[in-house]
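Subject: Structure handover

Hello,

Here is the structure for your records, with notes on what came out of the analysis below it. Please read the notes with the model open.

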Amino acid sequence: MSEFRLTFVKEGRAAWISHLDLLRTFQRAFIRSGLVIRHSEGFHPHPIMSFVLPLSVGQTSVCELLDFETVEDLPCEGMAERLNPRLPEGIRVTACRRPVLPVREMRCLEAEVTLEYDRGVPAGAAEAIAALLTGEQVVVAKRNKKKQMVDTDIRPMIHSVEAESRDGAVALRVRVQGQNPGVNPALLAAAVERHLPALKPDFVRVRRTAMLDGHGRPFA
């Protein structure tokens, strides 16, 4: 038996593949590549594989993580080359390694949040948005553990924000808390819409760029 942690890219049209369909996509890729995945025991066995903090539909990423176990003892070398020809356009494995940290040790996310404006960036938008997101409070509607939408101050979960205007958009580079509790970077755009309605963007793009441990190092 071997345990693996894949890093993969999810971009382009693949951004619109749901979490469940992504799971099925990798299951098919494993089968087609000849990898025998270890299954749970019981009446309804299922493959032992899981994504570390699944990505929201419509968002892209260069740092998605997938943990899985194989029945055979296999090396990490060549795993990407084995899987990539069986994966659809927009999904590409970039690295394979043995898991070092448990999933609960993943603490922070880094992301690029691009706020696009069809008629050009309003004057002073980048500065106003940065001031909002680094202020004392950033209240947005957020789903709680009971799946209810409630007003929540996400400011304690925002660790850093950099903002600049470029090419008809405000580009945010952010670091936010990943889990327990975590904040989806898209909520920063929701905060702009709620608190700075005049700066509401026409379109929002979110691109996850890194997952980090509690020491700010790449999660492994």
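The largest pocket holds about 680 Å³ of space. Its lining consists of 26 residues, and Lys-142, Arg-143, Gly-182, Val-183 and Asn-184 are the ones that lie nearest its centre. Strand S6 (139-143) and strand S7 (149-153) are the elements that give two or more residues to this lining. By class, the lining of the largest pocket divides into 12 nonpolar, nine polar and five charged residues. Bear in mind that this is a predicted model, in which side-chain atom pairs count only at pLDDT 80 or more, whereas totals for linings use all residues.

The second largest pocket has about 320 Å³ of space. It is lined by 18 residues, with Gly-58, Gln-59, Val-204, Arg-205 and Val-206 nearest its centre. At least two lining residues come from each of S1, S3, strand S5 (108-116) and strand S10 (203-212). Which of these gives the most to the lining? S10 does, with five residues. The lining of the second largest pocket has eight nonpolar, five polar and five charged residues.

The structure holds two cavities of 30 Å³ or more. The largest cavity has a volume of about 40 Å³, and its lining is made up of Lys-10, Ile-17, Ser-18, His-19, Leu-22, Pro-54 and Leu-55. Four of those lining residues are nonpolar, two are polar and one is charged. The second largest cavity contains about 30 Å³ of space. Around the second largest cavity are Phe-8, Lys-10, Leu-22, Phe-51, Pro-54, Leu-55 and Glu-64, which by class makes five nonpolar, no polar and two charged residues.

H1 itself covers residues 19-32, which is 14 residues. From its first C-alpha to its last H1 reaches 20 Å, close to the 20 Å expected at 1.5 Å a residue. Just after H1, Gly-34 takes a positive phi of about 85°.

Finally, the chain as a whole. It has four helices and 10 strands, and along the sequence these follow the pattern β-α-β-β-α-β-β-α-β-β-β-β-α-β. Taken along the principal axes, the C-alpha atoms fill a box of roughly 60 × 35 × 30 Å. Of the 220 residues of the chain, 41% count as buried. Among contacts with a separation of 6 or more, 72% are between residues 24 or more positions apart.

Regards

Definitions and conventions: Residues are numbered from 1 along each chain as its sequence is written. This is a predicted model: local features need pLDDT of at least 70, side-chain atom pairs count only at pLDDT 80 or more; totals for chains, interfaces and linings use all residues. Side-chain values use heavy atoms; hydrogens and water are left out. The expected span of a helix is 1.5 Å times one less than its number of residues. On a 1 Å grid over the protein atoms alone, a cavity is a set of points where a 1.4 Å probe fits but cannot get out, and a pocket is an open set with protein on both sides within 12 Å along at least five of seven lines; lining residues have an atom within 4 Å of a point. Grid points are joined across faces, edges and corners, and a volume is the space filled by probe spheres set on the points. Ala, Val, Leu, Ile, Met, Phe, Trp, Tyr, Cys and Pro count as nonpolar, Asp, Glu, Lys and Arg as charged, and the others, Gly among them, as polar. Buried means under 20% relative accessible area, exposed over 50%, partly exposed in between (1.4 Å probe, protein chains only). Contact means heavy atoms within 4.5 Å.
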